[in-house]
Amino acid sequence: MEIRIGIANTGRELSFETNEPADAIKKAIASALDSGSTHLSLTDSKGNSYIVPTAGLAYIELGSEEARRVGFVA
């Protein structure tokens, strides 16, 4: 699943792929925002960790969980 995070006062967005299910990502985001946590921690499909300050979040876009097809379909 692709995740795109917009950070306030920044011209670029953070974009990465993760193997986590959409429900787990939504739950992690909601709990971080509801609890007043200072940061949100996510991990991509390669094992890299991303720590994003919750005060600077502009938006979070969750892509589809469907895997992309590669190659030709006959």
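Biologist: In which loop is the place of threonine 54, and is this residue buried or exposed?
Modeller: The model is predicted, and all values here are computed from it. Threonine 54 sits in the loop between β4 and β5. Its relative accessible area is 16%, and the cut-off for a buried residue is under 20%.

Biologist: Which residues does threonine 54 touch, not counting residues up to four places away in sequence?
Modeller: Sequence neighbours up to four places away are set aside here. The residues that threonine 54 then touches are Ala32, Leu33, Ser37, Thr38, His39 and Leu40.

Biologist: In what order do the elements of the protein chain run from the N terminus on?
Modeller: The secondary structure comes to one helix and five strands. Read from the N terminus, the order of these elements is β-β-α-β-β-β.

Biologist: How many residues does helix α1 have, and what distance does it reach from its first C-alpha to its last?
Modeller: Helix α1 covers residues 22-34, which is 13 residues. At 1.5 Å a residue, a span of 18 Å is expected, and the model comes close to that. From first to last C-alpha, the 13 residues of α1 reach 18 Å.

Biologist: Where around α1 do its buried residues lie, and which strands do they pack against?
Modeller: The buried residues of α1 are Ala22, Ile25, Ile29 and Ala32. Because they cover an arc of only 105 degrees around the axis, they lie on the same side of α1. On the other side, Asp23, Lys27 and Asp34 are exposed. The buried residues pack against β1 (2-7), β3 (39-43) and β5 (57-62).

Biologist: Leaving aside its neighbours within four places in sequence, which residues is isoleucine 29 in contact with?
Modeller: Isoleucine 29 is found in helix α1 and, at 11% relative accessibility, counts as buried. Isoleucine 29 and leucine 40 are 11 residues apart in sequence, with 6.9 Å between their C-alpha atoms. Leaving aside neighbours within four places, the contacts of isoleucine 29 are Leu40 and Ile60.

Biologist: Which glycine takes a positive phi just after α1?
Modeller: The helix spans residues 22-34. Just after α1, a positive phi of about 75 degrees is taken by glycine 36.

Biologist: Which strands stand at the edges of the three-stranded open sheet?
Modeller: The order in this open sheet is β2-β1-β5, with antiparallel pairing. The strands at the edges each have a single partner strand, so one side of each is left without a neighbour in the sheet. Neighbouring strands are turned by 15 degrees against each other on average, direction ignored. The edge strands are β2 (13-17) and β5.

Biologist: Over how many bridges do β1 and β2 pair, and what is the bridge partner of glutamate 2 in β2?
Modeller: In general, strands of a sheet pair through backbone hydrogen bonds, either parallel or antiparallel. For β1 and β2 the sense is antiparallel, over five bridges. The bridge partner of glutamate 2 in β2 is glutamate 17.

Biologist: Which residues are linked in the network of salt bridges?
Modeller: The structure holds two salt bridges. Arginine 4 meets glutamate 13 at 2.7 Å, N to O, and also forms a salt bridge with glutamate 61, the closest N and O atoms being 3.5 Å apart. Arginine 4 lies in strand β1 and glutamate 61 in strand β5, so this pair ties together parts that are 57 residues apart in sequence. The network links Arg4, Glu13 and Glu61.

Technical notes
Residues are numbered from 1 along each chain as its sequence is written. This is a predicted model: local features need pLDDT of at least 70, side-chain atom pairs count only at pLDDT 80 or more; totals for chains, interfaces and linings use all residues. Side-chain values use heavy atoms; hydrogens and water are left out. Helices (H or I, at least four residues) and strands (E, at least two) are DSSP runs, numbered from the N terminus. The expected span of a helix is 1.5 Å times one less than its number of residues. Buried means under 20% relative accessible area, exposed over 50%, partly exposed in between (1.4 Å probe, protein chains only). The arc is that of the directions from the helix axis to the C-beta atoms. Contact means heavy atoms within 4.5 Å. Two strands pair if DSSP finds at least two bridges between them. Axes are lines fitted to C-alpha atoms, for helices over the stretch in contact, and angles run from 0 to 180 degrees between N-to-C directions. A salt bridge is a side-chain nitrogen of Lys or Arg within 4 Å of a carboxyl oxygen of Asp or Glu.
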